[in-house]
Amino acid sequence: MSKARKVVLVAFANFRRWRRNPQIILAFCLAFVLCFLLSDKAVRFSEKHDTLMQIAEPFIWTFGDAISVLVISLVLLLVFSNMPNLGNEVPLFLIRVNRKIWILGQILYLVLATLVFMVFILLSTCALAAGRAYPANFWSNTAAILGYSSIGSELYIPSFVKVMELSFPYECMLHIFGLMLGYAVLMASLILYLNLWRENGGMIGGIIFSGLGVVLNPDLIAEWLGIPMERMREANILFGWISPLNHATYYMHNFGYDNLPKLWASYVFFGVGSLLLFGLSMLRMKKYAFHFTGTEGQ
């Protein structure tokens with residue numbers, strides 16, 4: 001059997017645990033409820049004013065700001081809190097494959113599970129607004145009303161003019177999906193690495209990682225440090241570069257007239273960070289001590 005196939009088998013052994021797993025079921029249910037709560041204002045506005053939406057717009061507005069990305073990423077803690085999974089089949093895998101292949105299977109599972117979770121979120125937001133949406137790739141009248149008036153900010157719907165003027169809905173949707181995926185994979189890779197050092201260390205690290213995104217908010221820092229308004233532009237640029245959560249926020253990027261990160265820079269940021277943590281996890285795996293009681297992993 002090839003090494004690649006062994007890695008895939010280890011990864012899909014983890015997916016088999018999803019069946020009737022209350023923790024996984026709860027995570028997806030919470031994700032759907034959050035999608036409903038975060039997109040409901042836009043759908044209600046559309047119904048009230050009898051306007052249609054582009055099918056990707058609910059997803060774009062739902063995850064167009066940092067807080068929404070942060071909230072939905074916290075649900076992933078339920079999915080990856082016990083990484084690496086030590087189930088009944090692990091002793092058999094360790095006999096038939098080496099530690100390197102086993103940890104590579106865990107990494108592959110982590111990436112694929114994050115992708116499945118994000119696709120579920122995307123499809124959920126589209127399904128919730130499907131009755132009032134069209135598939136054509138141009139912005140709707142609903143987006144124009146929310147973006148070019150104060151209504152969007154009053155309803156806390158992140159419909160930004162510069163986003164609509166510089167991109168099309170599907171392009172914007174794919175970038176937001178990619179940024180969220182990168183942020184989630186980075187967080188999940190941190191959870192895996194810390195769990196290899198200490199039980200429940202990943203959960204603590206994931207919470208701190210998420211909290212860091214809140215702390216590195218320019219408005220919050222400005223209030224704490226008393227930064228004057230004329231220096232806020234510099235603060236936005238600085239924290240736009242160093243905050244993972246700001247890298248995951250679509251409108252916090254350079255669209256040609258500021259010094260914020262470009263989209264490719266954020267993808268590199270997430271990719272390099274995740275690969276670094278994956279590499280550290282593989283190094284840590286060489287000294288990782290498995291503890292089993294009978295056939296149950298502890």
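**Around helix H10**

Trainee: Leaving out residues up to four places away in sequence, what does Arg284 touch?

Mentor: Keep in mind that we're looking at a predicted model. Arg284 has its place in helix H15, which covers residues 263–285. With those sequence neighbours set aside, the residues it touches are Tyr193, Leu196 and Trp197.

Trainee: Is Arg284 buried or exposed?

Mentor: Look at its relative accessible area, which is 18%. The cut-off for buried is under 20%. Arg284 falls below that, so it counts as buried.

Trainee: Let's turn to H10. How far apart are its end C-alpha atoms?

Mentor: Start with what to expect: H10 has 29 residues, 169–197, and at 1.5 Å a residue they should span 42 Å. The model agrees with that, as the end C-alpha atoms are apart by 43 Å.

Trainee: And how many residues of H10 are buried?

Mentor: The helix is largely enclosed by the rest of the structure. That follows from the count of its buried residues, because out of 29 they number 22.

Trainee: At roughly what angle do the axes of H10 and H11 cross?

Mentor: H11 is made of residues 201–215. H10 passes it in a right-handed crossing. Their axes come within 7 Å, and the angle is roughly 145°.

Trainee: How many charged residues are in the contact of H10 with H11?

Mentor: On the H10 side you'll find, among others, Tyr183, Leu186 and Met187, while H11 brings residues including Gly201, Gly202 and Phe209. By class, eight are nonpolar and six are polar. As for charged residues, the contact has none.

Trainee: Which way does H4 pass H10, left-handed or right-handed?

Mentor: H4 spans residues 66–80, and its axis comes within 10 Å of the H10 axis. The two axes cross at roughly 40°. The crossing is right-handed.

Trainee: Zooming out, what share of the protein's residues is buried?

Mentor: The protein has 15 helices and four strands. Among its contacts between residues at least 6 apart in sequence, 77% join residues at least 24 apart. Of the 298 residues, the buried ones make up 51%.

Notes: Residues numbered from 1 in each chain as written. Predicted model: local features only at pLDDT ≥ 70, side-chain atom pairs only at ≥ 80, totals over all residues. Heavy atoms only, no water. Helix = DSSP H or I, 4+ residues; strand = E, 2+ residues; numbered from the N terminus. Expected span 1.5 Å × (residues − 1). Buried < 20%, exposed > 50% of the residue type's maximum accessible area, 1.4 Å probe, protein only. Axes fitted to C-alpha atoms, helices over the stretch in contact; angles between N-to-C directions. Left-handed = near helix turned anticlockwise from the far one by under 90°. Contact = heavy atoms within 4.5 Å. Nonpolar A, V, L, I, M, F, W, Y, C, P; charged D, E, K, R; others polar.
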